[in-house]
Amino acid sequence: MRREKSCKPCRNTDRLKRMKSLRGFLSRKVSQLKSARVKQGIEFTLTVDDCLRIYKDQLGICAMSGMTLDYGTPHSENKWESRNLSIDRIDCDGRYEVGNVQLICASINFMRGRLPVDVFIGLCERVAGRSG
């Protein structure tokens, strides 16, 4: 059966509705990430169900900051404040697979970039030790 075409505003409304559920949000994240990384030659075996299990194991909390992960909400105007869920590779040179990914806040993932976890944490500790 053929899916009926809809106008762009209707498609956007439907997409935003799907994104309000954790499964819908992760489906979009995994799909976009997989498409981009496979084109870059990075192996990607992670599934939506894998991410749901990781989310449950982490109790919906960012693996690095301990903040509650958000999903289904538009990014804030300030990317530094975003707590939207982001899929992060622990070893930036490794695969996207169970055991090498964690779920963290988008803002934390943006700050970390390609730094190894221990280097990033060390830098954060230095910055925190100097403030206040």
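Is Leu59 buried or exposed? With a relative accessibility of 70%, Leu59 counts as exposed, where buried means under 20% relative accessible area, exposed over 50% and partly exposed in between, for a 1.4 Å probe and protein chains only. Leu59 sits in the loop between H3 and S1, and its phi is positive, about 60°, although the residue is not a glycine. Helices (H or I, at least four residues) and strands (E, at least two) are DSSP runs, numbered from the N terminus.

The structure is predicted, so local features need pLDDT of at least 70 and side-chain atom pairs count only at pLDDT 80 or more, while totals for chains, interfaces and linings use all residues. Residues are numbered from 1 along each chain as its sequence is written, and side-chain values use heavy atoms, with hydrogens and water left out.

Turning to the helices, H2 (residues 22-39) packs against H3 (residues 48-57) at an angle of about 125°, and their axes are 9 Å apart. Axes are lines fitted to C-alpha atoms, for helices over the stretch in contact, and angles run from 0 to 180 degrees between N-to-C directions. H2 is therefore oblique to H3; angles under 35 degrees count as roughly parallel, over 145 as roughly antiparallel, 65 to 115 as roughly perpendicular and the rest as oblique. Leu22, Arg23, Leu26, Ser27 and Val30 of H2 meet Val48, Asp49, Cys51, Leu52 and Tyr55 of H3 in this contact, with contact meaning heavy atoms within 4.5 Å.

The largest nonpolar core comprises 22 residues, and Leu46, Leu69, Leu85, Ile87 and Leu103 have the most contacts inside it. Such a core is a set of buried Ala, Val, Leu, Ile, Met, Phe, Trp, Tyr and Cys residues joined through side-chain atoms within 4.5 Å. At least two core residues come from each of H2, H3, S1 and strand S2 (101-105), and H2 gives the largest share, five residues.

Neighbours within four places in sequence aside, the contacts of Ile87 include Val30, Leu33, Leu46, Cys51 and Leu103. Gln102 lies 15 residues from Ile87 in sequence, yet the two C-alpha atoms are 6.1 Å apart in space. With the same exclusion of sequence neighbours, Leu46 is in contact with residues including Val30, Cys51, Ile54, Ile87 and Val101.
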